[in-house]
Amino acid sequence: MPAQSAEQLWKAYNETTDTQGASYQTRWFGQQNNPQEVQALTDAILAGTKTATTTPLDTFTAEQVAIPQVGDYNVLLNGDMKPVAIIKTVVSELIPFYRISAEHAYHEGEGDRSIGDWRKRKTDEFTPTLEEHGKNLSSDTPMVSEVFEVVYRADY
């Protein structure tokens with residue numbers, strides 16, 4: 001039977017592995033008010049094209065959200081905000097914007113996957129968000145650089 005909720009998907013995953021009492025959060029990539037974007041990023045994650053992400057540190061502090069830590073589990077939601085998989089954080093580092101590597105940009109799986117394209121897209125994406133918090137994007141702006149893996153998929 002397909003999982004109908006994040007809790008049911010987490011329970012199904014726990015029946016197949018020992019998470020040693022770990023907990024989970026729900027998570028999606030992209031803007032929640034743009035289901036097509038969320039779905040496209042979810043599809044890229046499920047296809048193995050997208051295995052990394054980057055977020056300004058200020059986003060976590062301004063929104064009072066915990067910074068991803070190695071070993072964190074997230075129930076991945078699709079564009080309909082339905083659970084489709086469980087991902088696990090395998091790397092989480094604080095890195096200045098212009099020190100994000102070409103390899104990391106490639107693993108984000110977006111655009112042409114080059115560091116130049118990544119910097120342009122992320123400048124366009126991060127600038128308005130940071131300005132909302134009274135910050136500016138610079139080469140030294142701290143970024144949370146995260147790598148994750150899909151560890152379980154829903155039975156859809």
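Gln64 is exposed in this predicted model, with a relative accessible area of 74%. Look for Gln64 in the loop between α3 (57-62) and β3. Its backbone deserves a glance too: Gln64 isn't a glycine, yet its phi is positive, at about 50°. For context, most residues other than glycine have a negative phi.

Arg113 is another residue to check on that score, as its phi is near 70°, again positive in a non-glycine. You'll find Arg113 in the loop between α4 (102-108) and α5 (115-132). Is Arg113 buried, exposed or partly exposed? With a relative accessible area of 21%, Arg113 counts as partly exposed, because buried would require a value under 20%.

Now for the sheet. Five strands form an open sheet in the order β1-β3-β4-β5-β2, and the pairing is mixed. At the edges sit β1 (24-27) and β2 (52-56), each with pairing on one side only. On average, neighbouring strands here are turned by 35° against each other, ignoring direction.

Helix α1 (residues 6-14) packs on this sheet and touches β1, β3 (73-77), β4 and β5. The direction of α1 makes about 85° with that of β4. Helix α2 (residues 35-47) lies across β3, β4 and β5, and runs at about 125° to β3.

Finally, zoom in on one strand pair. β4 (residues 83-96) and β5 (residues 142-153) are antiparallel partners, joined over 11 bridges. To get your bearings there, pick out Ile95, which stands opposite Met143 in β5.

How values were computed. Residues numbered from 1 in each chain as written. Predicted model: local features only at pLDDT ≥ 70, side-chain atom pairs only at ≥ 80, totals over all residues. Heavy atoms only, no water. Pairing = 2+ DSSP bridges. Helix = DSSP H or I, 4+ residues; strand = E, 2+ residues; numbered from the N terminus. Axes fitted to C-alpha atoms, helices over the stretch in contact; angles between N-to-C directions. Contact = heavy atoms within 4.5 Å. Buried < 20%, exposed > 50% of the residue type's maximum accessible area, 1.4 Å probe, protein only.
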